[in-house]
Amino acid sequence: MSCREIQDRLADNPQAARTDPALCAHLAACPACRALAEKLRGVDAALAGLAAQPPPPAWVVERTLARVAAEPPGRSRSRRRLRWAVVATAVSASFLLLVSGLVVMGPTLRELTASSANALAGNEEAKDLPDHFAQLEFKGEEGKLRAKRLHGHRSMKDFSEQNQRGEHETTTAKLPVGDAAVADPGRDAPPTDDRPEGRDVDEDGVVDDVVGDVVGGVMAGEREARLDTGKRDEPSELDRRLGRYEQTRTRLMLLEAEERLVAGQQRHGWLDLASLPEGGRVMVDGTEIDGKDKTVRLPPGVHHLRLERSGEAPVDQNIELENGVVSTLELVPQQGQPGRGPGLFDGEQTPLDALAYLPAQGYFRNTYLPGDPELAWLREGLAEGLWLDGRRTRLDLLAQPYRQPFDPPARGGLALSLGADRLAADGPTRLLLQVGLKGAERPASRRSALEAVLLVDLRRLPDEEARRALWSLADALAEARQAGDRFALVVAGGPAPQLLAPEKFEPAAARKLLADALLAIEARGPTAELGPALERAYAALARPGAEDAPLGSQLVLLATAGPLGEEREALELRAHQAARQGVSLSALGVGTGAPADELAELALAGQGRRRLLLAASEARGVLETELTAGGSVVARAVRLRIRLSPGVRLVSMLGSAPLEAPAAERVREAERAIDQKVAHDLGVAADRGDDEDGIQVVIPAFYAGDEHVLLLDVVAAGPGPLAEVRVRAKDLVSLENAVLTQRLDLAPGERPLDRRCLAVRKNALAFRLAGDLSAAGERLASGDGQGARARLAAASARAARFLAEHPSLAGDPELARDVDLLAAYGRALDGHAQAQAPAGEELARSLLAAGKSKLAFARAR
Amino acid sequence: MLARHLSGDRHAFAELVSAYGRPVHRFLQRTGVRPPADDDLFQETFLRVHRAAGRYDPAYPFRVWLFTIARRLAVSHHRRERLRRWLSFWRAPAGQGEADGPAALDPPDPGPDPERRLAASEATRSLERALAGLPEGPRQALLLTRVEGLSLEEAARVLEAPVPTVKTWIRRGRLALAAALPEAAPASPPPAAASDARGAEP
């Protein structure tokens with residue numbers, strides 16, 4: 001043994017110096033270790049001496065006892081705080097989405113006590129139950145309690161169902177461990193979409209009154225809530241970002257409960273076979289599995305699976321099951337069969353007549369969103385790259401969008417390009433239509449005077465780094481002020497929104513306001529409302545003559561470090577209304593706790609931009625980009641109308657979807673407002689107001705140098721006209737109403753694919769590969785390494801098939817790079833199998849970043 | 001005692017505070033809670049015990065539950081303290097904040113208040129100082145196991161950490177304290193090996 005090992009053993013147990021012969025022998029020969037042994041014994045003796053300390057002052061004890069005497073025992077703060085409900089069950093430590101005891105509550109459920117939580121915590125109630133059951137107690141005015149088995153998404157089975165009526169009726173259900181409960185609040189319950197509020201852990205260590213948080217998760221069409229046990233398994237950044245923190249947080253406590261309840265039982269995991277193709281034999285470890293039983297319970301460990309289907313080579317695969325975890329299986333395509341990989345279309349094997357078609361008219365969701373892409377966040381922490389093949393590599397940077405053969409506009413701000421993935425066909429054909437937009441390059445110019453309000457959301461106390469970033473943002477705004485600017489600050493979170501008016505807006509005053517707000521919030525607790533603060537921000541911009549302010553010169557910049565909460569829809573509506581009046585709203589996520597998708601929606605509604613600020617040092621740059629962004633708009637109110645010719649049917653618009661009537665109405669209103677404003681400011685005649693036939697997409701603003709691609713999956717009956725696309729825009733380069741039109745026909749017979757056709761197909765491949773990479777990243781992030789591997793293998797097979805079907809692209813450097821990228825990620829995943837968890841998160845993040853990068857056509861601005 | 005308290009025995013809780021009050025107060029102080037907050041947290045700890053008494057699981061040692069409550073309260077307290085310090089940092093005039101920042105964010109001096117310090121011996125004060133310089137994990141692990149007498153497993157429950165982690169904390173804590181404490185008298189070799197004491201290090 002070396003001295004180091006000896007010293008560690010001594011530090012583990014200083015008394016061993018006298019009792020362990022090996023140590024004694026070493027100490028006899030080593031003065032240094034001998035001295036350390038003496039010191040360590042002295043340390044222990046001195047520590048024991050610390051126990052001799054005076055008792056707490058008598059008055060403290062008396063005060064404590066007086067407080068105790070004034071309160072009846074057994075009440076806890078959280079029980080008083082319990083608003084709606086709670087529940088629990090014992091639960092398997094399953095796949096993250098399925099893992100926990102669940103509960104839903106609605107306003108009709110006045111009270112739902114959580115004695116089940118006591119059961120989970122191993123208290124009295126649980127002891128009366130068989131050791132593999134947990135108890136769920138449900139008390140409420142009205143509602144329906146339904147418990148379901150959760151052995152995987154696809155194999156949920158009703159387990160029990162009980163209706164209850166009447167005041168304070170109590171229902172008790174017993175659930176097997178490994179199942180979870182979903183309580184249905186009833187049809188009349190209004191939608192609930194609370195995000196967890198980050199409640200404090202109950203210091204008494206007992207999961208007594210558990211406050212349930214309703215989240216908008218969907219499970220078989222129902223809303224569900226996850227149990228917030230208070231005992232947190234701290235989520236990773238990635239989990240937070242993906243909105244998975246509700247699940248990870250519940251895991252630890254429930255696992256513990258399960259440990260107690262199933263003590264002594266055999267452990268097992270589940271294998272979900274629901275995703276396997278029909279019509280074959282599935283063998284698990286040599287035994288055929290009954291086709292009806294899609295979820296198989298097996299001991300933890302590695303199991304061998306074989307799928308045999310007539311006419312095909314059998315597929316063999318190993319899968320490792322963890323105790324208490326539902327593993328989903330996806331078969332990895334066999335090597336050397338590139339033609340077997342998935343293609344560019346969803347449901348490509350489905351006969352054309354059996355496809356589901358969308359009406360080719362009405363408003364579709366705009367997918368062009370300027371501002372920082374989520375990439376910035378995903379790339380954070382990847383600076384050193386992944387450890388691969390003996391060196392660090394930034395794999396995510398290898399994923400790039402394909403270069404588009406779009407010509408820049410000859411004049412004006414916008415160019416239109418219409419193409420398809422083939423030129424000719426003789427009969428009914430499924431094909432891809434592509435609409436491309438390209439903005440003119442426009443040199444940056446000095447920005448015009450701005451009126452801006454920075455609205456800082458402090459409803460949830462941000463972490464230290466986010467606070468620094470918020471402070472720096474306020475500083476940066478104060479410093480960015482130029483002649484003619486009017487800047488103000490509004491802080492949300494305290495009892496009432498606080499305003500720092502434009503005439504008082506200085507860095508020191510801004511810091512003081514923020515610090516005061518934080519103190520007040522800490523003392524009295526945050527308010528849950530952001531709406532009043534937003535109103536205050538808009539009010540600060542209101543002034544006589546504000547309606548004449550140039551378009552884009554009035555802005556609210558909402559900076560938040562957390563989710564928007566249940567006000568989200570109301571905020572979007574208000575942002576939309578204000579944008580119609582000419583005040584745009586940009587959403588700025590600070591730190592990693594702000595959900596990018598919520599901010600994107602808010603920014604779209606407010607006709608602003610979404611940005612992410614990850615560190616205080618970036619504040620100045622982000623703010624400067626935001627304030628000058630208005631200067632790089634080349635077109636406003638860009639309206640695309642895509643009219644499919646008779647006989648051409650729409651399967652889908654990739655990445656988009658039809659808008660519901662209220663959302664469509666908002667798009668119309670926003671368009672008309674911009675139309676009026678541009679007419680007022682720039683003298684470009686107002687020409688909007690009517691709907692058009694065909695598919696309509698409205699982009700509020702298009703920025704210089706950007707490209708945007710819309711891909712439509714359509715079925716044409718045969719040769720002939722395919723589509724006509726018209727783009728109308730308020731062109732800010734030529735200062736006129738621009739109209740761009742293109743038509744496309746499908747010729748009869750066969751024609752070789754030209755480079756534009758190949759570009760369309762490459763774009764479709766990029767869309768699919770982006771989905772594959774992102775899905776692999778998400779699976780890995782949720783601990784499903786096998787699923788991630790399967791999805792990557794599918795992506796490789798997809799790329800291989802694409803190359804096999806398009807021999808002319810064999811030397812295409814962009815495709816070759818993607819093939820290499822997928823192979824490299826495959827190797828990284830193999831390496832991860834033996835690596836530790838952090839490496840997995842890094843790899844997952846890298847995969848997600850790569851997925852985003854494939855479609856990042858818009859510049860970060 | 002808790003069962004008697006629940007059944008209405010008016011003296012039971014006083015006995016409980018008398019039996020466990022000193023360790024809890026001591027633990028709070030040495031985890032860095034300064035006066036007068038230590039007294040407030042002491043009261044809050046027992047209030048929580050009182051409020052949650054009906055849900056206490058007798059399968060677990062009472063001390064583990066009690067120290068878990070105290071420790072969590074201390075953690076929340078330190079979190080609030082850091083916020084206050086941080087706020088004072090940001091309230092500082094521009095330019096001054098950066099220099100003051102890291103120091104202001106350091107954990108508070110966890111030693112006892114001055115009056116109690118006077119009563120302590122020089123050796124104890126050295127130990128207290130060295131203890132205060134330890135990271136939170138090793139410090140609390142040593143306090144729970146060496147001062148309060150909890151087993152490794154019990155300490156792990158209180159600290160909500162795996163047993164091996166707690167074991168590592170204890171080892172690191174001991175080594176750090178040994179390095180920080182003043183030199184003791186020269187160690188005398190074990191009698192059986194005295195003649196070999198000058199041998200080279202193996």
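**Reading burial and helix packing in a predicted model**

Tutor: Of the 861 residues in chain A, 56% are buried (under 20% relative accessible area, with a 1.4 Å probe and protein chains only). This is a predicted model, in which local features need pLDDT of at least 70 and side-chain atom pairs count only at pLDDT 80 or more, while totals for chains, interfaces and linings use all residues. Residues are numbered from 1 along each chain as its sequence is written.

Student: How many helices and strands does chain A have?

Tutor: Helices are DSSP runs of H or I of at least four residues, and strands are runs of E of at least two, numbered from the N terminus. Chain A has 23 helices and 29 strands.

Student: At what angle do helix 5 of chain A and helix 3 of chain B cross?

Tutor: Axes are lines fitted to C-alpha atoms, for helices over the stretch in contact, and angles run from 0 to 180 degrees between N-to-C directions. Helix 5 (residues 58–70) of chain A and helix 3 (residues 37–51) of chain B cross at roughly 30°, their axes coming within 9 Å. Angles under 35 degrees count as roughly parallel, so these two helices, helix 5 of chain A and helix 3 of chain B, are roughly parallel to each other.

Student: Which residues make the contact?

Tutor: Contact means heavy atoms within 4.5 Å. Among the residues involved are A:W59, A:R63 and A:R67 of helix 5 of chain A, and B:D39, B:F42 and B:F46 of helix 3 of chain B.

Student: Is helix 8 of chain B mostly covered or exposed?

Tutor: Helix 8 of chain B is mostly covered, with 10 of its 12 residues buried. The buried residues include B:P138, B:L142 and B:V147. Just after this helix 8 of chain B, B:G149 takes a positive phi of about 80°.

Technical notes. Chains lettered and ligands numbered in written order. Heavy atoms only, no water. Buried < 20%, exposed > 50% of the residue type's maximum accessible area, 1.4 Å probe, protein only. Parallel < 35°, antiparallel > 145°, perpendicular 65-115°, else oblique.
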